[in-house]
Amino acid sequence: MTDIPPQLETWDLAHIHVGRHVWRYAQLGSTNDLAARLGHDPSHHGTVILTDEQTAGRGQYGRTWQSPPGSSVLMSIVLFPPPELARPSILTAWAAVAVSEAILHATAWQAKVKWPNDVLMHGVKVCGILIEQGRAAVIGIGLNVNQTAAEFESAGLPLAGSLATVTGRSFETLEIARLLIDCLDREYHHLIRGGLATLEACWKWRLGLLGRDVVIEQFDGTRHRGRLREAAFDGLTLERADGSIATLVPEQVRLMAEQASAGEASL
C-alpha cells in the first residue's frame, strides 16, 4: 500500500494471533488511523501498529490524546474476530484484562477496570482503550509507563498516573510493549477457543462493582440507580430501591460508577 509510511523497525513474533507482525514507528499522528487503513485486508489480522510518539491520538468520545516520546506504550491492533466476538463490550473487556495481566507481570500490582474502557492502578488511570469498527476491528491502547506526576499535573490530568508514578520506579517501554502483546495474544487465543465465560469472569472481577450500589448512565442521558446484581456481556442487571429490575445492554451504557455515601455517584 503506497500510503503506508516506512517503519522504524518490524517485529515478527512467534504469536498465533496478535503480534504476528508488529510495525514500530518513531512518530505517528494516530495508531488507530494507520491500523484502520489495513482493515480492508484480512491478511493483516493481528498486525500491531506501535509508535514511540503520538501527536494526534484519540480517546473515548472524540477526546484528543498526546504523549511525550518514549513515555507510553501506544499501539493499535487490527483484528477480524468472528461475529459473535466482534461486540465492543467483549473486545474492550479482552483488551482491559490483557492490559491488567501485563501490569501484574511487570509490577506485581493488581489493576482494576473502570467502566467502560479505563484501567486503574491505585485509583488512578494508567491506560485507556478505544475500539473503532469497520470491516475490521481496531483496538487502540495507550498505557502510561514513565510519565511523572509533574507531567500529569501540568497537563491538567490530576486523576492520571503511570506505572512509574504508582510503583516509584521506571520501566523499559519496549519491554512493556512486548509483554503486553504477549498477553493480548494469549488472552485472544483463549477467547476464540471458547473462553468467553472466563473472560467475562475476569472482567467482572476487575470491575469490582458486583453487589454494590451504582449509578448507570446510558448514551441517551437516562440514569439508573440501584444495586448491581449481574455484570455480563448479555446484560447488566440492576435492582432498584423499589425492588424492580432493569437489564441494560452493555453497549448502551456510557458510564457506571459506585454511588457515593451521600447518594450521588462520582460520574
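Two strands count as paired if DSSP finds at least two bridges between them. I kept that cut-off at hand while reading this predicted model.

**Entry: β8 and β9.** I started with strand β8, residues 118–121, and strand β9, residues 124–133. I found 4 bridges joining them, and the two run antiparallel. Val119 faces Cys127 of β9. The two strands make a hairpin with 2 residues between them. I checked the turn: His122 has a positive phi of about 50 degrees.

Entry: Ile129 stands opposite Ile141 in β10.

**Entry: β10 and β6.** Next I looked up β10, residues 137–144, against β6, residues 72–79. They pair in the antiparallel sense over 8 bridges. Val73 has Leu143 of β10 as its bridge partner.

**Entry: the whole sheet.** I then wrote down the strand order: β1-β2-β3-β6-β10-β9-β8-β7. The sheet is open, has 8 strands, and its pairing is mixed. Which strands stand at the edges? I found β1 (9–11) and β7 (112–114) there. Each has a single partner strand, so one side of each lacks a neighbour in the sheet. From one strand to the next, the twist averages 20 degrees.

**Entry: the helix across the sheet.** Last, I looked at helix α5, residues 173–192. I saw that α5 lies across β1, β2 (22–25), β3 (48–51), β6 and β10. Helix α5 runs at about 30 degrees to β6.

Terms used:
Residues are numbered from 1 along each chain as its sequence is written. This is a predicted model: local features need pLDDT of at least 70, side-chain atom pairs count only at pLDDT 80 or more; totals for chains, interfaces and linings use all residues. Side-chain values use heavy atoms; hydrogens and water are left out. Axes are lines fitted to C-alpha atoms, for helices over the stretch in contact, and angles run from 0 to 180 degrees between N-to-C directions. Contact means heavy atoms within 4.5 Å.
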